[in-house]
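Work through the exercises below with the model open. Try each task before reading its solution.

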Amino acid sequence: MNNRDEDRCVAIFEGNPQLIHFRAGDQKTPLHFASALLLSKLVEWLLNHGVDANVMAKDGARPLEIAGMFAGDEQNAAKLSTVTDCLF
């Protein structure tokens with residue numbers, strides 16, 4: 001997800017649907033990572049495919065909280081708005 005190619009990520013998840021529930025060592029999910037990168041299309045896709053918007057990582061962080069941490073400037077704040085619309 002680092003290259004921010006949301007369509008490619010969606011294609012990977014469509015080909016391997018079990019990956020939408022993957023948890024990293026810190027218990028973060030693909031939704032946590034998509035939220036951190038403010039990838040609204042991917043966030044929306046994951047939620048539409050049954051991912052829990054309130055899933056907690058090992059440190060207790062939820063995707064919405066992580067998205068908020070990365071929306072420090074005006075451009076990212078607009079992206080955050082789109083992501084939060086998906087999460088609610």
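**Exercise 1. A surface patch**

Which residues make a nonpolar surface patch of about 240 Å²?

Solution. This is a predicted model. The patch is made by Ile 12, Leu 19 and Phe 22. Now place one member. Phe 22 sits in the loop between helix 1 and helix 2. Its relative accessibility is 45%, so Phe 22 counts as partly exposed.

**Exercise 2. The overall fold**

Describe the secondary structure and the contacts of the chain.

Solution. Start with the elements: there are five helices and zero strands. Along the sequence the pattern reads α-α-α-α-α. Next, burial: 42% of the 88 residues are buried. Then take the contacts with a separation of 6 or more: 65% of them join residues 24 or more positions apart. Last, the surface: the accessible area is about 5200 Å², and carbon and sulfur atoms hold 51% of it.

**Exercise 3. A loop residue**

Is Thr 29 buried or exposed?

Solution. Locate it: Thr 29 is in the loop between helix 1 (6–15) and helix 2 (30–36). Its relative accessible area is 5%, and the cut-off for buried is under 20%, so Thr 29 is buried. Leaving out residues up to four places away in sequence, Thr 29 touches Phe 22, Arg 23 and Val 55.

**Exercise 4. Salt bridges**

How many salt bridges are there, and which residues form them?

Solution. The count is three. Take Lys 41 and Asp 7: their closest N and O atoms are 2.2 Å apart. Lys 41 lies in helix 3 and Asp 7 in helix 1, so the pair ties together parts 34 residues apart in sequence. Next, Lys 28 pairs with Asp 26 at 3.3 Å. Lys 28 also meets Asp 59, at 3.6 Å from N to O. Asp 59 lies in the loop between helix 3 and helix 4 (63–69), and Lys 28 in the loop between helix 1 and helix 2, so this pair links parts 31 residues apart in sequence. Shared partners join Asp 26, Lys 28 and Asp 59 into one network. Lys 28 is buried at 16%, Asp 26 is partly exposed at 30%, and Asp 59 is exposed at 56%.

Technical notes
Residues are numbered from 1 along each chain as its sequence is written. This is a predicted model: local features need pLDDT of at least 70, side-chain atom pairs count only at pLDDT 80 or more; totals for chains, interfaces and linings use all residues. Side-chain values use heavy atoms; hydrogens and water are left out. Helices (H or I, at least four residues) and strands (E, at least two) are DSSP runs, numbered from the N terminus. Buried means under 20% relative accessible area, exposed over 50%, partly exposed in between (1.4 Å probe, protein chains only). Contact means heavy atoms within 4.5 Å. Accessible areas come from the Shrake-Rupley method with a 1.4 Å probe; for residues, only the protein chains shown count as cover. Patches are made of residues with over 30% relative accessible area and no salt bridge: like charges are joined within 9 Å, nonpolar side chains (Val, Leu, Ile, Met, Phe, Trp, Tyr) within 5 Å. A salt bridge is a side-chain nitrogen of Lys or Arg within 4 Å of a carboxyl oxygen of Asp or Glu.
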